[in-house]
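Subject: Structure handover

Hello,

Here is the structure I promised to pass on. Please open it next to this email and follow along.

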Amino acid sequence: MPLQGNISSFGVSEILQLISHQGKTGSLEVETADGVARLRFRDGRLLEAWPDRRMPAELLGTLLVRSGLITSAQLEHALRVQRQSLRRVGDILVASGALRAEDFQTVLSLQHRETAYRLLRLRQGKFRFVPEAVEAEEGVSVPLEVAELLMEGFRQIDEWPRILERVSSGQSVFRRTSASPEEELTPAERDVYRLVDGSLTVRDVVDRARLGQFAAWEALAGLSEKGLVVPVGTARRGGREAARRGPGWLPDFLLGTGLALLAAALLGVFAGQGLRGWGRLVQAGAEGRAEAARVAERGRSWGEGESGGGGLPSLREERRDTGPADAPDAAGGGN
């Protein structure tokens, strides 16, 4: 019999603990206004945690491109093959030699963990657990201990405020200082230190480090505390960053809409309609400004929506004190 309810009264952490303690096998769906995340368990351990497919920034193909392991062209080729063969994108990339099996497994496991961590921050939504047979896929499913996920998830929630004092935005850019790393660095700090070059944003460093959002931010904050890196500014919302934040066609669309309305009204004027034409011109101008405002608002909403990050994870309220609320990267890729 399915177990279902509201997250507001029965939190995700409590659901996961129940599944773990009772050694349940089955599928869990967590639904919010932003989509549905799907998790599969076997004997109380987490096998997989997939974000909603309407969250392209969190899909596996996108993560592989952002991490620098494959190119956009390689992903597009794999997606075309997938549509014809119905094979997994990861299998196609590994078989073609575009991606090493161990790198694929690293990013896949990271995706599952990051999805689970985001779900722990949810405060609203619905869940449904269905006991059913779940088969582990060799080379794909790597069982994760729920207790470890919960401990790390709670630690992240507690530590985010401290980290944000040092690293305030995913669009911040850091550079190395002249100081040499005399103190012992953690493995994560060493990986992040190598990537800091004065041009990559924090978000870029997170993607390429392949450590997970919190671990990379934590490492960068540690390097800042040791005086090894300093912020040098914030990436402008133009060029590549504008493509991430919102549809690049928005300015042209607004301009085109306004000009089209203006032209329509002027035709009335020059067609000899006199004051009636001028009235249409004034009306068209007002309508154009109103439509521009509506489209601009939709554009801002599009650009500021969460990926996933997470309802799944659109957590602007929930994330206020628990971590950064960066907008998603460009779409692409699939599981």
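A residue is called exposed when its relative accessible area is over 50%, and buried when that value is under 20%. Keep both cut-offs in mind. Also note that this is a predicted model.

Start with Asp43. It lies in the loop between S3 and S4. Its relative accessibility is 56%, so Asp43 counts as exposed. Its phi is positive, about 55°, although Asp43 is not a glycine. Most residues other than glycine have a negative phi.

Leu86 has a positive phi too, about 65°, and is not a glycine either. Look for Leu86 in the loop between H3 and H4. With 76% relative accessibility, Leu86 counts as exposed.

**The sheet**

In what order do the five strands of the open sheet run? The order is S1-S5-S2-S3-S4, with antiparallel pairing. S1 (3–6) and S4 (45–50) are the edge strands, and each pairs on one side only. On average, neighbouring strands are turned by 15° against each other, direction ignored.

Now zoom in on S3, residues 35–42. Five bridges join S3 to S4, and the two run antiparallel. Arg38 stands opposite Trp50 in S4. Helix H5 (residues 101–120) lies across S2 (26–32), S3 and S4. H5 runs at about 90° to S4.

**Two cores**

Nonpolar side chains tend to be buried together in soluble globular proteins. The largest nonpolar core here has 23 residues. Leu16, Leu28, Val30, Leu39, Phe41, Leu46 and Leu119 touch the most other members. Elements giving two or more residues to this core include H1 (12–21), S5 (126–131) and H6 (146–164). S2, S3, S4 and H5 are also among them.

Take Leu39 as an example. Leaving out residues up to four places away in sequence, its contacts include Leu28, Val30, Leu46 and Leu119.

**Helix H4**

Which residues of H4 (residues 89–96) are buried? They are Val89, Gly90, Ile92 and Leu93. Seen down the axis of H4, they fall within an arc of 165°, so they line one face of the helix. H2 (60–66), H3 (72–85) and H5 are among the elements that cover them. Just after H4 comes Gly97, with a positive phi of about 85°.

**Helix H7**

H7 spans residues 187–195, and its buried residues are Glu189, Val192 and Tyr193. Down the axis of H7, these fall within an arc of 105°, so they too line one face of the helix. Pro187 and Arg194 are exposed on the other side of H7. The cover over the buried residues includes S6 (172–176), H8, H9 (213–225) and S7 (229–234).

**Val205**

Last stop: Val205, in helix H8 (residues 202–209). Is Val205 buried or exposed? Its relative accessibility is 5%, so Val205 counts as buried. Val205 touches Val192, Leu195 and Leu200, not counting residues up to four places away in sequence. Val173 is 32 residues from Val205 along the chain, and their C-alpha atoms are separated by 9.4 Å.

Best wishes

How values were computed. Residues numbered from 1 in each chain as written. Predicted model: local features only at pLDDT ≥ 70, side-chain atom pairs only at ≥ 80, totals over all residues. Heavy atoms only, no water. Pairing = 2+ DSSP bridges. Helix = DSSP H or I, 4+ residues; strand = E, 2+ residues; numbered from the N terminus. Axes fitted to C-alpha atoms, helices over the stretch in contact; angles between N-to-C directions. Contact = heavy atoms within 4.5 Å. Buried < 20%, exposed > 50% of the residue type's maximum accessible area, 1.4 Å probe, protein only. Arc of directions from axis to C-beta. Core = buried A, V, L, I, M, F, W, Y, C linked by side-chain atoms within 4.5 Å.
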